[in-house]
Amino acid sequence: MTPFDGITNARDLGGLSTLGGLRTLSSVLYRSGALDRMSERDRHRLVNEMRVGTVVDIRTREESDGDGLQDQRLLPEVRCVHVSVVPEGRIGREPFPDGRDPIALAEGYFANLVEGAEALAEIIAIIAGAVSVGESVLFHCAAGRDRTGLVAALLLGLVEVTDEHIISDYIASNSHALTIAERLRANPLYVAQSADGIKPVMLRNLTMIHFLGLVGDRFGGVDGWASRVGVSDEAVSGLRRSLVPGQAAQSP
């Protein structure tokens, strides 16, 4: 994907292999970091070239201008939805593993999965509803790495993307590590969350392997988690029809 001027860690979740040997469609689902530094050219590209119809901001309200409406002000012509994965007031005040310990980071993701189950189910339902009616969707957090990586892993797992490709998408954030660290260092909210300063960190395969293992052990996999937290069969089917149209034909 051609880099943006001011949006970091952006990519299309198309072209990823599924267990049935198919690939996810391109130009349906995108992930990225925050949009607050996008240029006018970036904005035009999102709206007129990529035709993004829904943007889902999964940061806290505090990170999104204090009211969760930052994206709507930036993109008034697009439907912008705000649903925070983590509780308000936590970012910048409670430490979170930064990736130097890959197992601790996986356990941090799993804690977010359990604690943020209601929010994550809502995010999945919003995305599924949008893509089911033909809209392209962009979802993002601040860096497009941890919270966005969690949501991406769930969405890809629900459409039966292989673990190998879920992991490869996750660690693709490493190519943006320097820019991510620079962006986070520029915001006092994120600096306060790091005891020894924000440094570029390379994500490890082991983190996502361990996270998926935890989901498997606790819930029987992403499908089991989704069923447990109330993600509807209709939402899952909508994701599969939109991202991997041939899956329905393969189903028994």
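Predicted model: local features only at pLDDT ≥ 70, side-chain atom pairs only at ≥ 80, totals over all residues.
D12 has Y30, a residue of strand 2, as its bridge partner.

**Sheet**

- Strand 1 pairs with strand 2 (residues 29–32) in the antiparallel sense, over 2 bridges.
- The bridge between D12 and Y30 brings the description back to strand 2.
- In general, the strands of a sheet pair through backbone hydrogen bonds, in either a parallel or an antiparallel way.

**Helix 1**

- Helix 1 covers residues 40–49, and its buried residues are D42, R43, R45, L46 and V47.
- These buried residues pack against strand 3 (52–57), helix 2 (70–74) and strand 5 (136–140).
- An α-helix has 3.6 residues a turn, so residues three or four places apart point the same way.
- R45, one of the buried residues of helix 1, lies over the face of F4, at 4.0 Å from the ring centre.
- R51 follows helix 1 and has a positive phi, near 55°.

**Aromatic pairs**

- The count of aromatic pairs is 3.
- In the pair of Y109 and Y170, the ring centres are 6.0 Å apart and the planes stand at 90°; planes over 60 degrees apart count as edge-to-face, so this pair is edge-to-face.
- This pair links distant parts of the chain, with Y109 in helix 3 (residues 102–115) and Y170 in helix 6 (residues 163–171), 61 residues apart.
- Y109 and Y170 are both buried.
- Y109 also forms an edge-to-face pair with F211, at 6.3 Å centre to centre and with 85° between the planes.
- Here too the pair links distant parts of the chain: Y109 is in helix 3 and F211 is in helix 9 (residues 205–219), 102 residues apart.
- Y109 and F211 are both buried.

Notes
Residues numbered from 1 in each chain as written. Heavy atoms only, no water. Buried < 20%, exposed > 50% of the residue type's maximum accessible area, 1.4 Å probe, protein only. Helix = DSSP H or I, 4+ residues; strand = E, 2+ residues; numbered from the N terminus. Contact = heavy atoms within 4.5 Å. Pairing = 2+ DSSP bridges. Phe/Tyr/Trp six-rings, centres within 6.5 Å; stacked < 30°, edge-to-face > 60°. Lys NZ or Arg CZ within 6 Å of the ring centre and 35° of its normal.
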